[in-house]
Amino acid sequence: NDQRDSRDLLLKKLNEKIDISYGQGDNGIVTVSTAGNALLVTGFESNELQISENPETQRLDIYYKPTGSTPPFRITDRIRGGSIGGALSVRDQVIPDFKDKIDEMAYKLADEVNKAHNQGFDRHSREGGDFFSVPMDVKDAAKNIDLNNAIMEDVNRIAAGAKPGAVADNTVANVISQIQHKQMMDGGSTTIDDYYNSQVGRAGVLAQRAIKSRESQGNTLSQLNTLRESISGVSLDEETTNMVEFQRAFDASARVIRTADEMLETVLNLKRL
């Protein structure tokens, strides 16, 4: 029974890490599987999960190797529960979506700044070029956007004026400063300022929803643990009552035996007299 309790505890801890399914055969042997058909334990044999980098996504993925001669296959997408499943869901779904939104916002902002800057002139009456070096693809734009090398080497290349030779002309600079209020996101229906605030609010909503879900799941887990202990656990009050009952029964039996012994001794003494 102690070994069974240890095994059940290990299964419980494993289920907290990754969603598993297990069943016990007639001979008492437990079979454990995860991600559908990935057998972790069967009979007296066990298989390991492996972690390696996916060359296509440059992310760490979980692989399952059923036998020594079979090549491992990827099971990351099949894992849904446990702390590992939760971390994978955030990594592969929530974070990429936010990154795409930020890349789109950065790309639009840099493109609009370049358009305005190209219309201006610097302090030496030279036409303004691109302010930012913008990649061709929107993907990873926030990471790859950089300041134009010409402006980085010479700040006099900043084209703030709208006309050549106009001293203290900052028309283009004002146009650039107003880009945050220009409706250019979501098909031209949202300003970049509102778009950014909506993403911040969305992150807060997701975080609050996760907290509420965790609290709800925690209450459900507590109720299930209480129900489980009521079935398979030990009640100290009940065991104490049983112990007192058995003790009283033992005392009563001992008195009966002692009384019978005294009666027999009395009978023997009467015969001697």
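How many strands form the open sheet in the order S5-S6-S7? The answer is 3, and their pairing is antiparallel. Before we walk on, keep in mind that this is a predicted model.

Let us stay with this sheet for a moment. Its edge strands are S5 (49–54) and S7 (73–74), and each of them pairs on one side only. Strand S6 covers residues 59–64, and S6 and S7 are joined in the antiparallel sense over 2 bridges. If you look for tyrosine 64, you will find phenylalanine 73 of S7 standing opposite.

These two residues also meet through their rings. A pair of aromatic rings is described by the distance of the centres and the angle of the planes. The structure has 2 aromatic pairs by the rule used here. Tyrosine 64 and phenylalanine 73 make up one of them, an edge-to-face pair with 5.5 Å from centre to centre and 80° between the planes. Phenylalanine 73 is partly exposed, because its relative accessibility is 27%. The other pair joins phenylalanine 131 and phenylalanine 132, again edge-to-face, with centres 5.0 Å apart and planes at 75°. Here the cut-off for buried is under 20%. Phenylalanine 131 has a relative accessibility of 18% and therefore counts as buried, whereas phenylalanine 132, at 23%, counts as partly exposed.

Now turn to another sheet. This open sheet is built from 4 strands in the order S1-S2-S3-S4, with antiparallel pairing. S1 and S4 (45–46) are its edge strands, each pairing on one side only. Strand S1 spans residues 20–24, and its antiparallel pairing with S2 runs over 5 bridges. Together S1 and S2 form a hairpin, with 5 residues between the two strands. In the turn sits glycine 28, whose phi is positive at about 90°. Further along, strand S3 (residues 38–42) runs antiparallel to S4, and 2 bridges join them. Threonine 42 has glutamate 45 in S4 as its bridge partner. Across S1, S2 and S3 lies helix H1 (residues 2–17), which runs at about 160° to S1.

What does the side chain of threonine 34 reach? First find threonine 34 in strand S2, which covers residues 30–34. Its side chain reaches the backbone oxygen of aspartate 19 at 2.7 Å. Leaving aside residues up to four places away in sequence, threonine 34 touches Ile18, Asp19, Ile20 and Leu40. Threonine 34 is buried, because its relative accessibility is 2%.

Two more places are worth a visit. Helix H2 spans residues 82–118, and glutamate 112 has its place there. Glutamate 112 counts as buried, because its relative accessibility is 12%. With residues up to four places away in sequence left out, glutamate 112 touches Ile179, Lys182 and Met184. Finally, look for the ring of phenylalanine 98: the charged end of arginine 202 sits over this ring, 4.5 Å from its centre.

Terms used. Residues numbered from 1 in each chain as written. Predicted model: local features only at pLDDT ≥ 70, side-chain atom pairs only at ≥ 80, totals over all residues. Heavy atoms only, no water. Buried < 20%, exposed > 50% of the residue type's maximum accessible area, 1.4 Å probe, protein only. Polar contact = N/O pair within 3.5 Å; in protein donor to acceptor, adjacent residues only side chain to side chain. Contact = heavy atoms within 4.5 Å. Pairing = 2+ DSSP bridges. Phe/Tyr/Trp six-rings, centres within 6.5 Å; stacked < 30°, edge-to-face > 60°. Lys NZ or Arg CZ within 6 Å of the ring centre and 35° of its normal. Axes fitted to C-alpha atoms, helices over the stretch in contact; angles between N-to-C directions.
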